[in-house]
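Visitor: I'd like to look closely at one part of this molecule and then see how the rest connects to it. Could you pick a spot on the surface and take me inward from there?

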Amino acid sequence: MAEFGFNEQHQNEVINYMRFARSKRVLRLKTIDSCFEELKDSRLVEETFTVDEVKEMLDGLQSVVRGEVEMELINTAHTNVLLLRQLFSQAEKFYLRLQSDISELENRELLEQVAEFEKTDFKTTDKINQETSKPKLAPLNEGGVSELLNKEIARLQEENDKLKARLRTLESQAMSALDERSKAERALKDLQKVQGEQQLAAQSQEINSLEDTVAALKDDYERSLSANSVSQKGLQENLISAKHELLRVQEQLSLAEKELDRKFQQTAAYRNMKEILTKKNEQIKEIRKRLQRYEPSE
């Protein structure tokens with residue numbers, strides 16, 4: 001299988017699959033042969049047959065053979081799908097994406113090479129493969145996996161080197177920044193030491209000025225508080241007077257309302273209205289009594 005570019009492991013797997021396919025093919029051919037033998041034994045017992053009888057036998061044989069061949073083709077297609085499933089599952093474990101060229105399945109040159117291999121190498125290695133055959137496909141070859149892992153390790157190593165170089169650069173920049181910060185702190189301390197006395201004197205003057213301002217504000221507040229107390233007392237007195245005046249006015253309004261009510265009750269219109277209402281009430285009571293007679297309540 002050197003012309004296919006397979007290594008020894010993959011060549012053994014191909015041989016196992018071809019052996020499996022050959023056994024299935026031989027079994028199906030035996031089944032077809034048995035169909036013909038059964039026809040010979042069961043139907044070809046007379047010396048002469050009519051055209052219709054021959055046609056009937058051939059049609060029956062055709063139906064049986066067609067069913068056997070169709071079943072074998074379907075099983076072969078399904079078996080190939082299961083084989084591809086194993087290959088794709090193993091490839092996905094290593095994050096590989098396999099592709100196939102369907103047109104190569106009808107390449108006559110490659111098909112002839114496979115047929116030649118089945119006639120020669122397949123027969124010579126048949127005994128050896130019987131001892132090393134396995135029911136399942138083996139993992140991908142170690143060479144391909146090692147190559148992928150080595151590439152990934154090399155890439156990670158390169159990134160690690162870049163990160164280390166970047167880290168060294170950052171460390172150098174950080175040390176420089178720390179030195180600059182130390183120098184700035186020392187300069188600030190020296191400046192604070194020189195300006196300490198001047199700032200202390202200025203702060204003392206500022207504190208005295210603030211104390212004077214606070215004292216003045218305190219005096220103003222006390223004067224304002226005294227004035228507010230006097231003003232609040234006057235407002236309270238005015239409020240009391242206003243309440244008394246309001247009560248007096250409310251009392252006068254109440255008396256006026258009572259007087260108006262008394263005068264209105266003495267008018268003729270009020271008396272007439274009262275008489276009309278009294279008559280209406282009596283009429284309503286009379287109507288209710290009549291209704292109760294005709295429609296007694298349940």
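**From a surface patch to the helices**

Guide: Let's begin with Leu 84, Leu 87, Phe 88 and Leu 98, which form a nonpolar patch on the surface and together have about 340 Å² of accessible area. A patch here takes residues with over 30% relative accessible area and no salt bridge, joining like charges within 9 Å and nonpolar side chains (Val, Leu, Ile, Met, Phe, Trp, Tyr) within 5 Å. The areas come from the Shrake-Rupley method with a 1.4 Å probe, and for residues only the protein chains shown count as cover.

Before we go on, keep in mind that this is a predicted model: local features need pLDDT of at least 70, side-chain atom pairs count only at pLDDT 80 or more, and totals for chains, interfaces and linings use all residues. Residues are numbered from 1 along each chain as its sequence is written, and side-chain values use heavy atoms, with hydrogens and water left out.

Now zoom in on Leu 87, one of the patch members. Leu 87 sits in helix 2, which covers residues 51-93. (Helices are DSSP runs of H or I with at least four residues, strands are E runs of at least two, and both are numbered from the N terminus.) With a relative accessible area of 37%, Leu 87 is partly exposed. On this scale, buried means under 20%, exposed means over 50%, and partly exposed lies in between, using a 1.4 Å probe and protein chains only.

Follow helix 2 and you meet a partner: the axes of helix 1 (residues 8-42) and helix 2 come within 10 Å and cross at roughly 170°. That makes helix 1 roughly antiparallel to helix 2. The axes are lines fitted to C-alpha atoms, for helices over the stretch in contact, and the angles run from 0 to 180 degrees between N-to-C directions. Under 35 degrees counts as roughly parallel, over 145 as roughly antiparallel, 65 to 115 as roughly perpendicular, and the rest as oblique.

Which residues meet there? On the helix 1 side they include Tyr 17, Phe 20, Arg 28 and Leu 39, and on the helix 2 side they include Met 57, Leu 61, Glu 68 and Leu 83. (A contact means heavy atoms within 4.5 Å.)

Arg 28 and Glu 68 form a salt bridge, with their closest N and O atoms 2.6 Å apart. This pair links distant parts of the chain, since Arg 28 is in helix 1 and Glu 68 is in helix 2, 40 residues apart. A salt bridge needs a side-chain nitrogen of Lys or Arg within 4 Å of a carboxyl oxygen of Asp or Glu. Arg 28 counts as buried at 17% relative accessibility, and Glu 68 counts as buried at 17% too.

Glu 286 and Arg 290 are 4 residues apart in helix 7, so about one helical turn separates them. Glu 286 is partly exposed at 36%, and Arg 290 is partly exposed at 47%. The whole structure has 8 salt bridges.

Helix 1 has another neighbour. Helix 1 and helix 3 (residues 108-119) pack at about 85°, with their axes 12 Å apart, so these two are roughly perpendicular to each other. Among the residues that meet are Ile 15 and Met 18 in helix 1, and Val 114 and Phe 117 in helix 3.

Between helix 2 and helix 3 there is a loop, and Tyr 95 lies in it. Tyr 95 has a phi near 60°, a positive value in a residue other than glycine. Most residues other than glycine have a negative phi. At 77% relative accessibility, Tyr 95 counts as exposed.

Finally, step back. The protein chain holds 7 helices and 0 strands, and of its 298 residues, 8% count as buried. Its accessible surface comes to about 26,300 Å², with 56% of that belonging to carbon and sulfur atoms.
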